[in-house]
Protein chains: 2
Amino acid sequence: MLVVHFHQLAFDSLTQMPRKSTTPRKLPQQDRSKITVDAILTATARILTQEGYDRATTNRIAELAGVSIGSLYQYFPSKEALITSLAEHHVNTMMAIIESKLKDLFNAPIEVVLHELVEACIAAHAVDPMLHKVLNEQVPRINNTNAEAQFTALLRAYLELHRDQIQPQNLDLTVFILERAVEALTHAAVIDRPELLSDGQLQQEITNLLLSYLVEKT
Amino acid sequence: MLVVHFHQLAFDSLTQMPRKSTTPRKLPQQDRSKITVDAILTATARILTQEGYDRATTNRIAELAGVSIGSLYQYFPSKEALITSLAEHHVNTMMAIIESKLKDLFNAPIEVVLHELVEACIAAHAVDPMLHKVLNEQVPRINNTNAEAQFTALLRAYLELHRDQIQPQNLDLTVFILERAVEALTHAAVIDRPELLSDGQLQQEITNLLLSYLVEKT
DNA sequence: ATAAAATATGAGTTATAGCTCACATTTTAC
DNA sequence: GTAAAATGTGAGCTATAACTCATATTTTAT
């Protein structure tokens, strides 16, 4: 079951004008309203993945959720707020998977950490590939989540701890490359070449890529 | 000056229904109409980059192009066709840069090819980073261009020729990883961390990443 | 029991963007 | 010169999707 997640005011990257509020009009208090909010988010995800972004009108979403359009706007001040809320929930779900898989590996050797990182990233992308695809294609990039920034910091700390065992010394660049490469390759595979993920081949290959870059080979 | 580029009928990935035609209503024949078409495409790019996707209405585009809305629809059957045309032109421009930089390196050593590949990719992304960003965020992924498929084949042929000098043996996977990694890292840098590209550091680092993966180190 | 608060409803308002079309102007062909 | 073809025009049509609001129902608190 989805859990609601509300976020803060943001600024449009082009106009620098504040976006219209994405905070909810009303916080659901009783159980029935929580069910309503959940039904709306679930319906949104379902329509996005099965009918496409163009069909995801607020009226259609309310219809599939089995609630009135008025109810939708009681909890989401705008369509953008609704989509953003769903997107954040999805990102948080993915990040939770990754963090739970890596949280106890701070003292593990590099080979293990990279192996787990790649595995975790692939697992995270398997949560709802179609939703992931649609959100990535249609939703203006979400400001780096807290969870993501936290993870970046954690990875950096790990690299600092193992600095003497890794080849590249500009950790800023290294973190950038590791994170982006594993994300992009996993993402591309999930979207365009899912067959590459069925056996473990691509996973192994991505791991090799990162490992050979990171560790010094005599 | 932009050069018009028309493309074929495609199918929507979700609904499997044929998309509305994206071929032009009329092919421009006289010089003045070619100027019109060019003005429309230029205005589109300008509005997308400077005012944002939401402001890129067909009426606004026609206004900035200095032509009537009727003229716009004389050459582009739909807004989608216009945007797609612009996107294709942009992709082709980028691919042309990459191909021209790599075309004579078929017999060059791997280190050189990778170095040039990364350099070319960064150069291609420098053509119009803001347009590139907007198109990537807002335009449903364009079907792999001919140019892109051709390039993939070329890269694969090169790897086959140098098979004995590279570590990974599944060339299908290797091509996938090389192409996607260099594209994704360059793209991410251009969009989110342009400062990383000012000196050659990131370029060198990406090259190292690919090189250490590809070539066997004693 | 009942008042107040929370939640639900959906017909209707509003805005706007894509697009048409009847007509005007310019160019080309002969 | 003139007919036909190419090109240009822009007021306005149409569709639709986001969102409102007056009203109804349900739940909670006392």
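## Polar contacts between the chains

Between chain A and chain B, eleven residue pairs are in polar contact, with both residues at pLDDT 80 or more. A polar contact is a pair of N or O atoms within 3.5 Å; within protein, one must be able to donate a hydrogen and the other to accept it, and residues adjacent in sequence count only if both atoms are side-chain atoms. On the side of chain A that touches chain B, the elements giving two or more residues are helix 1 (31–50), helix 6 (129–138), helix 8 (171–192) and helix 10 (201–214) of chain A. Helices here are DSSP runs (H or I, at least four residues), numbered from the N terminus, and strands are runs of E of at least two. Helix 8 of chain A supplies the largest share of this side, twelve residues.

The residues of this side of chain A divide into 19 nonpolar, ten polar and nine charged. In this division, Ala, Val, Leu, Ile, Met, Phe, Trp, Tyr, Cys and Pro count as nonpolar, Asp, Glu, Lys and Arg as charged, and the others, Gly among them, as polar.

## Basis of the model

This is a predicted model, in which local features need pLDDT of at least 70 and side-chain atom pairs count only at pLDDT 80 or more, while totals for chains, interfaces and linings use all residues. Residues are numbered from 1 along each chain as its sequence is written, chains are lettered from A and ligands numbered from 1 in the order in which they are written, and side-chain values use heavy atoms, with hydrogens and water left out.

Chain A and chain B each give 38 residues to the contact, where contact means heavy atoms within 4.5 Å. Together the two chains bury about 3,300 Å², 65% of it on carbon and sulfur atoms. Buried area is the accessible area (1.4 Å probe) that two parts lose on being put together, summed over both.

The same surface serves both copies, since 100% of the contact residues of chain A recur in chain B.

## Salt bridges

Over all chains the structure holds 16 salt bridges, and four are found across the interface of chain A and chain B. A salt bridge is a side-chain nitrogen of Lys or Arg within 4 Å of a carboxyl oxygen of Asp or Glu. A:Arg180 and B:Asp192 meet in one of them (3.1 Å, N to O).

The side chains of A:Asp172 and B:Arg193 also form a salt bridge (3.1 Å, N to O). This pair crosses from helix 8 of chain A to the loop between helix 8 (171–192) and helix 9 (195–198) of chain B. A:Asp172 is partly exposed, with a relative accessible area of 36%, and B:Arg193 is partly exposed at 23%; buried means under 20% relative accessible area, exposed over 50%, and partly exposed in between (1.4 Å probe, protein chains only). A:Asp172 and B:Arg193 also belong to a network of salt bridges that links them with A:Arg156, A:Glu160 and B:Glu195. A further salt bridge joins A:Arg193 and B:Asp172 (3.1 Å, N to O).
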